Amino acid sequence: LDASMDTWSYFHTCLVSIWLHRFYIYSAVAFGISLWIAIQFTTTRTKRKKSRGNSASSEGTAGKLGNGCAPPQAQEVHVAGVKIFYGSQTGTAKRFAKALAETVTSLNLPVEVINMGDYDPEDALSEETSSRNICVFLVATYTEGQPPESAAWFCKWLEEAANDFRVGKSFLQGLRYAVFGLGNSAYVDHYNRVGRRIDRWLWMLSASRIMTRAEGDCNVAQSRHGSIEADFEAWQAKFLTRLQALCKGEKKACSGKCKKGKCKSSGKQSKESSDHEYGTSEHENTEAEEFETSSEEEAGGTESVIDVEDLGNIMGHVKKAKVLLLEGVWDGAAGMGRKEEAERREMITPALRDALTKQGYKLIGSHSGVKLCRWTKSMLRGRGGCYKHTFYGIESHRCMEATPSLACANKCVFCWRHHTNPVGTEWRWKMDQPELILQEAVENHQNMIRQFKGVSGVKAARLEEALAVKHCALSLVGEPIMYPQINRFVRLLHQHGISTFLVTNAQFPEEIRRLEPVTQLYVSVDASTQESLRRIDRPLFKDFWQRFLDSLKALAEKQQRTVYRLTLVKAWNVDEVKAYADLISLGKPDFVEVKGVTYCGESSASSLTMANVPWHGEVVGFVQELARLLPEYGIACEHEHSNCLLLAHCKFQVDGEWRTWIDYGRFQELVREHERSGGSRTFTAAEYTARTPPWALFGARERGFDPLDVRFQRKNKARDISGC
């Protein structure tokens, strides 16, 4: 018992001692735990440093393999390759895709170029979420803001996936992409719409931008870098820099924060872009970055929402604008500074100059050109003249085909210039004087004629005559009536004894009314309904149909010779005979030329094929039906070789004889009297007519071929399709 009591007394004493010294015990335990944590932290940190050192050493010794990183067994591959998707209508996006592929290949990265038309996004696109590839989308915007035919299914599928509640919003999470859109800012309502939509749809499916969207502009007057090629090159340099950063393991998905489909850069770039945004054009005001915005909302959509956190930036811009206005730095009118800059630009950029020169154009100054028509060459050899020779008595070997404006307000599907010329709705370029244009046009034309000296088959007498220009067809390319000094230019031609045949695309009614007398004024009537005109001419103006009708009414007010120029495209407009008859009644032209479309060979600029070219018999049938609906007109002439017929108003049939030819000497006398009288002495088309020779009449055995010449049958199929 005593032993038990002693043991209990001992434990009781120990417990009391521990309780009395508990503070020291707690402190010792806490110190021990802290010491253990410190040791563990230091050890882990040392291991990480060693690991990073070994990784850097491995990368330095192994060099760049595959994507510029260490071998797979040594380090993770951050970029497995690049896939470049393109949707192209005219071939530009395809060309850019190939150029980008060559550049990326130089970085030792695997590259694949894919036509969107050959790709099934439903089966394959989701695989890119785990492939570690970078997907690049180069896509053009075509008519009415629609995607090119090759990209139509891709865009349709992507849109449906982005808006289908059954498709998870993280469906493309992990896919990394960049978008470069190709468009034309002259089409204000749907500029680069396809690129913007693809960018937005990918974002809605949780794909990650590696950089904000870029936009190339075919409109040289508004292009940030002077041409769409320069826009692409600038973006390509930026893309390559970003790609190299990703290869090194940078994980930042975009150059800024993305929300609600928008991508806004931060930091220095954002500041620079905001500094730049005032004074831009109407189109460029939709973009806050040097290249891009990232959604339709940012481009001015009605459902756009401003985040509260962005209000500070917006108010900062407003305050800055007020300061600039007070200091007189900013003129206060959005777009004026950029517009004035654009007006100082030359219409012909270096890239455009190269393209047109390769096509045989002799460029004049900054916006004009001249080219030798194939019918000029033909008549020099005595092989026949053009349809104007048959219809109006032009001497084809003495005709100069030129234009004072390479720009046009349409992008017609059958344009045989393949849309190499710029487009626009108003004159915004540097302007050359008409004296310079005429002098250089004649000199260039004469130089091209002289090159035929000694060529086999060329008639010496005609070669000598050809050096003295007698006619000028202002129908080479573009819209000559856009040139602000067109009246001075026409007067100069008349003063040099040169007749004028001016063609306009019926989009400038006021300019037609202001136009001084020309030998013969043409209006291209490519379609008879609003919808078909939209599809065929692809005009830039929103009110293109009203402008078209007003142009026809303006033509009816002219007293000199006027012509409707109808181009028949099978499966497009050949069934609109009644509607064409109504338009003819509206404009009351003296003549109606009906011509089958010329097939210019396969071109990505147009979807036309030989199947769209009507046979001559079909053109004849169309004209006969048109004549039945227009009793005041008759079929006067035919030029079978050009697949062309001429309807003439019956007032040109005198005493049973057609007088569609022109007395050019009499016209020059009349126009001189008009100028001397200050415009008070007017004259009409009936005052300078001439008898049409029998061989030129419809139904003649010659079918419009001048019997003084010898028809040449070409053995090969390659043809020079140039000509007016």
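The following questions and answers walk through a predicted model of one chain.

In this predicted model, local features need pLDDT of at least 70 and side-chain atom pairs count only at pLDDT 80 or more, while totals for chains, interfaces and linings use all residues. Residues are numbered from 1 along each chain as its sequence is written, and side-chain values use heavy atoms, with hydrogens and water left out.

Student: How many helices and strands does the secondary structure of the chain come to?
Tutor: Helices (H or I, at least four residues) and strands (E, at least two) are DSSP runs, numbered from the N terminus. Counted in that way, the chain comes to 22 helices and 22 strands.

Student: What percentage of the residues of the chain count as buried?
Tutor: A residue is buried under 20% relative accessible area, exposed over 50% and partly exposed in between, using a 1.4 Å probe and protein chains only. The chain has 724 residues, and the share of them that counts as buried is 51%.

Student: Among contacts between residues at least 6 apart in sequence, what percentage join residues at least 24 apart?
Tutor: Contact means heavy atoms within 4.5 Å. Of the contacts in the chain between residues at least 6 apart in sequence, those that join residues at least 24 apart make up 76%.

Student: Is helix α6 largely enclosed by the rest of the structure or largely open?
Tutor: The buried residues of α6 include Val 194, Ile 198, Trp 201, Leu 202 and Met 204, and also Arg 196, Asp 199 and Arg 200. These buried residues pack against β3 (133-140), α5 (152-163), β4 (176-183), β5 (208-209) and β6 (214-217). Because 9 of the 12 residues of α6 are buried, the helix is largely enclosed by the rest of the structure.

Student: How far apart are the end C-alpha atoms of helix α6?
Tutor: The expected span of a helix is 1.5 Å times one less than its number of residues. Helix α6 (residues 193-204) has 12 residues and should therefore span 16 Å, which agrees with the separation of its end C-alpha atoms, 16 Å.

Student: Is Asn 192 buried or exposed?
Tutor: Asn 192 has its place in the loop between β4 and α6, and its phi is near 50 degrees, a positive value in a residue other than glycine. At 0% relative accessibility, Asn 192 counts as buried.

Student: What separates the C-alpha atoms of Val 220 and Pro 422?
Tutor: Val 220 has its place in the loop between β6 and α7 (228-247), and Val 220 is buried, with a relative accessible area of 8%. Leaving aside neighbours within four places in sequence, Val 220 is in contact with residues including Arg 345, Met 347, Pro 422 and Trp 429. Although Val 220 and Pro 422 are 202 residues apart along the chain, their C-alpha atoms are separated by 6.9 Å.

Student: Is Arg 691 buried or partly exposed?
Tutor: Arg 691 lies in the segment after β22 (689-690). Leaving aside neighbours within four places in sequence, Arg 691 is in contact with Glu 657, Trp 658, Arg 659 and Trp 661. With a relative accessible area of 43%, Arg 691 is partly exposed.

Student: At roughly what angle do the axes of helix α19 and helix α20 cross?
Tutor: Axes are lines fitted to C-alpha atoms, for helices over the stretch in contact, and angles run from 0 to 180 degrees between N-to-C directions. The residues that meet include Phe 548 and Leu 552 in α19, and Leu 583 and Leu 586 in α20. The axes of α19 (residues 544-556) and α20 (residues 577-587) come within 7 Å and cross at roughly 50 degrees.
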